[in-house]
Every structure is written in structure tokens, then in C-alpha cells.
Amino acid sequence: FACAAGLRGSIDPTDQSSSACGGPCPPGTASAEGTGSCVECEPGTYAANRGQGECTRCPYPLSSTGGIVTTCSTCTDGFYLLDSSTNSEYIFRSPTTHCKPCPPHANCSTPTSLASLGVPAGYWRASLSSAVLTECRSFGGGSGTGKRRCAGSESAAVGDHSSVEASSGDPLADSPSPELSSSPSPGPSPEELSPSPSPSPDDADGRRMREAADLYCAPGFYGPECQLCAAPDHHLVDGDHCKRCLAVSTAAGQIAALAIGICIVCGLAWTVFKMESWRKKPCIGPLLRLADRAVTFSYGIGLIPKSKVLLGFYQICIVLSTTYSVRLPERYTSWTDKVSEAVSIDWSGFFLPTQCLPYWSRLVAVSISPVGVIALLLLAGVGLRLHQRRLASAPRPLPWHAEAALGLLDLTP
């Protein structure tokens with residue numbers, strides 16, 4: 001007679017005559033009524049008990065890999081497991097606690113954990129414990145530069161990296177055993193016997209996170225969005241190329257040449273503006289007369305002191321939220337925020353990109369640059385005052401030191 005569901009059959013007639021047939025199917029397998037053997041469960045099902053007639057469907061959003069499985073401990077397609085080291089019983093009891101929806105743009109084919117999320121080309125994430133995928137920007141290149149720089153990673157690649165880390169973490173794992181070694185091993189040296197400082201857990205975790213983040217970068221790139229060049233003294237250009245940095249002395253020379261050039265241009269413009277006879281020339285005369293009207297109008301309405309008041313108000317508004325944790329109404333700060341975004345330009349990046357200059361050097365340069373600009377303005381004001389005094393006919397109304405003191409106030413912001 002046919003065996004009941006959940007029982008395995010037997011070719012022994014004595015077993016066939018028994019109601020138990022060949023005995024119940026073991027956990028992880030099942031048999032339908034009349035079948036002669038127990039079959040393994042299909043993917044997405046499980047058999048927790050003995051003698052099941054069919055495998056049970058995994059509760060949503062859990063799944064199984066198929067085979068002899070007694071519980072569901074993986075997440076179905078479109079979900080990922082938060083921690084692959086979690087006990088399967090805890091996962092089965094609280095599936096929605098341990099299985100989370102797949103992040104946008106990630107590949108969460110079964111089975112997937114947070115550490116093995118599939119990251120497509122053109123995206124990057126900070127570490128194996130991050131569920132946020134960041135689209136790699138072009139940084140001045142074409143539309144495909146982000147994909148060429150951020151190569152992405154499939155789940156298998158992340159798994160391979162984990163295995164490499166595991167093997168490299170134990171220095172004895174790759175060393176031959178003493179039984180297999182044909183030559184005697186020398187004793188440890190005094191240096192080996194001396195205690196060596198071991199890295200702290202925080203340092204080790206930080207290193208592993210950086211290495212995991214670099215998994216998603218193409219060769220030659222690393223860092224957030226793979227925007228840093230692996231070669232020393234190189235920086236990113238055109239989105240996917242690395243170029244050697246300029247020497248600091250060369251960049252400093254360019255900055256100095258630019259500052260001197262600006263001073264020369266301003267001095268020439270001021271000299272031309274003071275040439276009264278040129279106002280009758282047909283080419284430059286109309287421009288000089290227009291400049292005269294603009295200067296007269298600005299002095300008439302008090303434009304310079306009003307501009308200083310406006311600049312002071314702007315400087316206060318942009319530091320209220322960061323320095324004093326105070327926020328003015330949006331109708332007062334909306335325009336200051338837009339102006340701040342427009343004028344917040346890292347001028348040092350034009351000469352030495354971020355990767356070419358240490359952070360502390362860049363911080364010092366950006367901090368002292370306003371002082372340098374003010375010093376140039378003071379020197380320019382003093383120079384113009386003394387130049388006007390030299391051109392003036394005797395007797396001069398003020399001594400040279402009084403003219404120099406007034407020159408300090410002419411162009412002071």
C-alpha cells in the first residue's frame with residue numbers, strides 16, 4: 001500500500017505492511033502521499049519538523065536557499081539581512097526586524113546581507129555597514145566618468161574581500177605547518193620576543209571601513225566617490241584622469257604674480273582716472289566722464305558707508321546659526337544664503353587642488369588670505385596718496401606722514 005504523507009517508503013515488504021512504512025522523513029525534507037522517498041525543500045520553503053508531507057513557505061520577507069533546511073534565515077529578493085551573524089532563530093522570530101528593503105540602486109538578490117549588497121557601477125558607499133549608495137559625480141568630466149571611476153561591486157566581490165581579510169588577519173593561516181617543513185625552524189629573535197604595540201580596535205575598524213569603501217573604486221582611485229588619486233602627488237582632472245600636482249613653490253609664485261598683476265592693473269586704472277587731460281580724448285574720455293558721474297553719485301548717496309554696514313550685517317547673518325545656534329527668519333537670511341553659496345569659493349583650489357595640499361596648510365592659507373588682501377589695499381592707498389602728493393605743486397597742505405595716514409583709510413574695507 002502507499003505510504004502516508006511525511007513517511008518514506010521501503011522496498012522491504014515487511015515495512016510496506018506496516019503503517020509507519022520506512023519511518024518519518026527527517027527535518028528539512030518532506031514526502032507527499034504515495035511517494036517512495038523524502039525530497040529536499042525547494043528555495044523559499046523549509047521543514048522544521050519530522051514527517052512533513054510538504055515543505056512550508058517561508059514567512060515574508062524571509063527565504064531559504066533550498067536543500068535540507070529547517071528554518072528560514074535569509075531574506076527574499078528585494079531585501080537584505082542586517083547582520084549575517086545573527087542567530088537564525090532570532091531572524092525567524094522577527095523577520096521584519098532583521099530583513100530591510102533594498103536601498104535604491106542596490107542589488108539585493110537572495111541571499112544578500114548588508115555587507116554583501118551589490119553596488120552597481122557609478123555608485124559608491126562608505127563602508128560594508130552602510131545602506132546608503134551615493135551616485136558618483138562627474139567632477140568636470142563627461143556623463144560616463146562617474147561609472148569609470150566608481151566601478152561598483154557585486155556580492156561575490158565583497159565576499160572575496162571578506163575572505164582575504166580573514167586570511168590576512170591571522171599571520172599563521174598562510175604559514176606552513178611544522179610537520180610539513182623540511183628544514184628546522186630557527187628560534188625567535190629578540191625583536192620577535194619583545195612585545196609590539198597592537199592596533200586599537202577603533203584603528204582596525206577604521207582601516208577595514210576604508211578598505212571596504214575602496215572596493216567600489218576602479219584601480220588608481222580611492223576615497224569618497226572615488227575622487228582621490230591613489231598615486232602620490234596627483235589630483236583628479238576631467239572626472240576620471242589623474243594629473244601630477246604643481247610644486248608648492250610654483251603655485252605660490254603664480255598666486256604672487258596674480259596679486260601683483262591685480263595691483264598693477266588697479267594702479268594703472270587709478271592713474272588713468274586721475275588724468276584730467278584725458279577726459280577730452282575721443283576714445284577714453286567718455287568712460288572717464290562716466291566714471292566721474294558714478295563716483296559723484298556714490299559719494300552723494302553715501303554708498304561706501306552703506307556698503308560697509310551691509311557687509312557687516314551679512315557677516316553676522318552667516319555666522320549666527322553656526323556660532324550662536326540662532327536662526328533669523330527666512331525672509332532675512334534667504335538672500336544671504338544665496339550670496340554665501342555664490343561667493344564661498346575655495347580660491348586655493350584653483351592653484352593647488354585638495355589632494356595636492358595638506359589640510360592644515362590650506363587652512364592657514366585661507367585664514368590669512370583676507371589679511372593679505374587688506375594689507376595690499378592699505379599699501380595701495382598709501383602709495384596713491386604719496387604719489388598724488390609728489391605730483392601736487394608746492395606748498396603741499398599736509399606732510400607726507402599725514403598723507404600716508406589718510407591713505408590707510410582710503411581703501412580700507
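## A tour by selection

Select Arg-279 and Phe-273: the side chain of Arg-279 reaches the backbone oxygen of Phe-273 at 2.7 Å. This is a predicted model.

**Stay on Arg-279.** Now show the surroundings. Arg-279 is found in the loop between helix H8 (248–273) and helix H9 (285–301). Is Arg-279 buried or exposed? Its relative accessibility is 10%, so Arg-279 counts as buried, the cut-off being under 20%.

Next, pick out the residues in contact with Arg-279. Leaving aside neighbours within four places in sequence, select Val-272, Phe-273, Lys-274, Gly-285, Leu-288, Arg-289 and Asp-292.

**Go to the largest nonpolar core.** This core has 19 residues. Which of them touch the most other members? Select Leu-117, Trp-124, Phe-221 and Cys-226 to see them.

Select Leu-310, Phe-313, Tyr-332, Trp-335 and Val-339. Together they make a nonpolar surface patch of about 440 Å². Colour helix H10 (303–323) and helix H11 (330–343): each supplies at least two residues of the patch. Which helix gives the most? H11 does, with three residues. To see a residue from the other helix, click Leu-310, which has its place in H10.

Technical notes: Residues numbered from 1 in each chain as written. Predicted model: local features only at pLDDT ≥ 70, side-chain atom pairs only at ≥ 80, totals over all residues. Heavy atoms only, no water. Core = buried A, V, L, I, M, F, W, Y, C linked by side-chain atoms within 4.5 Å. Buried < 20%, exposed > 50% of the residue type's maximum accessible area, 1.4 Å probe, protein only. Helix = DSSP H or I, 4+ residues; strand = E, 2+ residues; numbered from the N terminus. Polar contact = N/O pair within 3.5 Å; in protein donor to acceptor, adjacent residues only side chain to side chain. Contact = heavy atoms within 4.5 Å. Patch = residues over 30% accessible without salt bridge, like charges linked within 9 Å, V, L, I, M, F, W, Y side chains within 5 Å. Areas by Shrake-Rupley, 256 points an atom, 1.4 Å probe, with all protein chains shown as cover. Salt bridge = Lys/Arg side-chain N within 4 Å of Asp/Glu carboxyl O.
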